[in-house]
Each structure stands twice: as C-alpha cells, then as structure tokens.
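Below is a short tour of one protein model. Keep the sequence and the 3D view at hand while reading.

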Amino acid sequence: MTIAIRPMHSDDWPAVERIYREGIATGDATFESSPPGWDAFDRDKLPSPRLVAERDGAVVGWVAATRVSSREVYRGVIEHSIYVAAAARGHGVGRMLLAAFLEATDREGFWTVQSGIFPENEASLALHRELGFRTVGVRERVGRMAFGPHAGRWRDVVWIERRSGITGV
C-alpha cells in the first residue's frame, strides 16, 4: 500500500465529502449532521495547509484547519479536523497525514494547533498524543447530539493542543 500526502484541490471534494460523511456516521467524529458544501468548506478552511492522503491514486483521508480568531494576536492559532476513510483506518494513514500537516503548520508559522475530540474516539486521541498533543481539559456536556447513535445525548469534548517551538515554550 503506497500512501502519498499532497495539497487538497477542489476536484478532491467528492472523496473528501464521502470521507467526512463516513466520519459523521460513526457518531464519534463531530457534532455536525452533514458536511458543508464545497463553497462553504473552501471559504471556512485555511487554504494551506489543507492536505489529502492518497492510496493507489484514491483519496483516503484529509486534514484542514480554521483560524480560531480574526484577532492578530491569535494569528498563529488554528483548529484542525482530520478524517480517514473507513476502509483505510488502522493502516497508518492518519499518522502520516497528521505528521505532514504538523510539519506544514510549523513551516507556515502556526504556533498552536488545537482540536476538540469526543472521549469515545480513543484512536484519534491516541494518534494526537503520539504526535505531541496534550490534553488541555475536558469541556463537559458542551453540546447535544441531534442525530445518530447519540441523538439527544449531551457530549463531552477533550480539548487538545500541540505547541510548536516558535514561542519558545
């Protein structure tokens, strides 16, 4: 199995959307009940780094980020999302994709990469810890699921972050 990591392009959207839907269907990836359309995704996510993982020419994972604030003091703080196709999980795709993303964020001057992950998503939490993320805290009952296996249930979110060496801390 050959995995290649490359920048995401608009023509990757059908595969990215399919992978996003697979993640949503698990009930442990996001509070969202459906992916946005391409225009909203493209508008809301930073243009770079925005990466996909390809296996034998097919997109099997993606990672993208948003700024946490428009304020200048937070220009180096982003929140990311990473999704891997169901058929590609457990084969190192997520690790390769996240490692490449973090290398790119360091090069591009982002000093904090953060995310919120459901505590039940143990594989994602383990991956992030392996690549230098730490738990900042747990936001208890921060949102209520509107769909799927957890419909009507309040969910906790583990808040994680990775700091680059840019700040010296």
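## A walk along the chain

Arginine 6 sits in strand 1 (residues 3-7). Strands (E, at least two residues) and helices (H or I, at least four) are DSSP runs, numbered from the N terminus. The model is a predicted one: local features need pLDDT of at least 70, side-chain atom pairs count only at pLDDT 80 or more, and totals for chains, interfaces and linings use all residues. Residues are numbered from 1 along each chain as its sequence is written, and side-chain values use heavy atoms, with hydrogens and water left out.

Which residues does arginine 6 contact, apart from its neighbours within four places in sequence? They are Asp12, Arg50, Leu51, Val52, Glu54 and Val59. Contact means heavy atoms within 4.5 Å.

**The core**

The largest nonpolar core has 46 residues. Such a core is a set of buried Ala, Val, Leu, Ile, Met, Phe, Trp, Tyr and Cys residues joined through side-chain atoms within 4.5 Å. Buried means under 20% relative accessible area, exposed means over 50%, and partly exposed lies in between (1.4 Å probe, protein chains only). Phe41, Trp62, Leu98 and Phe101 touch the most other members of this core.

Take tryptophan 62. Setting aside residues up to four places away in sequence, tryptophan 62 touches Met8, Val16, Ile19, Tyr20, Phe41, Leu51, Val52, Ser81, Ile82, Tyr83 and Leu97.

Valine 63 belongs to strand 3. Valine 63 counts as buried because its relative accessible area is 0%. Beyond residues up to four places away in sequence, valine 63 touches Met8, Pro49, Arg50, Leu51, His80, Ser81, Ile82, Leu97 and Phe101. Valine 63 and methionine 96 are 33 residues apart along the chain, and their C-alpha atoms are separated by 11 Å.

**Two helices**

Now to a helix pair. Two packed helices are described by the angle between their axes and the distance between the axes. The axes of helix 3 (residues 93-107) and helix 4 (residues 122-130) come within 10 Å and cross at roughly 45 degrees. That angle makes helix 3 oblique to helix 4. Angles under 35 degrees count as roughly parallel, over 145 as roughly antiparallel, 65 to 115 as roughly perpendicular, and the rest as oblique. The axes are lines fitted to C-alpha atoms, for helices over the stretch in contact, and angles run from 0 to 180 degrees between N-to-C directions.

Which residues of helix 3 and helix 4 meet? Gly94, Arg95 and Leu98 in helix 3 meet Leu127, His128 and Glu130 in helix 4. By class, this contact of helix 3 with helix 4 has two nonpolar, two polar and two charged residues. Here Ala, Val, Leu, Ile, Met, Phe, Trp, Tyr, Cys and Pro count as nonpolar, Asp, Glu, Lys and Arg as charged, and the others, Gly among them, as polar.

**Backbone details**

Serine 48 and proline 49 are joined by a cis peptide bond, with omega about -5 degrees. Proline 49 lies in the loop between helix 2 (38-44) and strand 2 (51-55).

Aspartate 56 has a phi of about 50 degrees. Its place is the loop between strand 2 and strand 3 (58-67). Arginine 141 has a phi of about 45 degrees, and lies in strand 6 (residues 134-144).

The table lists accessibility for some residues.

| Residue | Relative accessible area | Class |
|---|---|---|
| Threonine 112 | 5% | buried |
| Valine 142 | 35% | partly exposed |
| Tryptophan 154 | 45% | partly exposed |
| Arginine 141 | 53% | exposed |
| Aspartate 56 | 63% | exposed |

Threonine 112 is in strand 5 (residues 112-117). Leaving out neighbours within four places in sequence, threonine 112 contacts Gly76, Val77, Ile78, Glu161, Arg162 and Arg163.

Valine 142 lies in strand 6. Not counting residues up to four places away in sequence, valine 142 touches Phe31, Arg155 and Val157.

Tryptophan 154 lies in strand 7 (residues 154-163). With residues up to four places away in sequence not counted, tryptophan 154 touches Arg141, Gly143 and Arg144.
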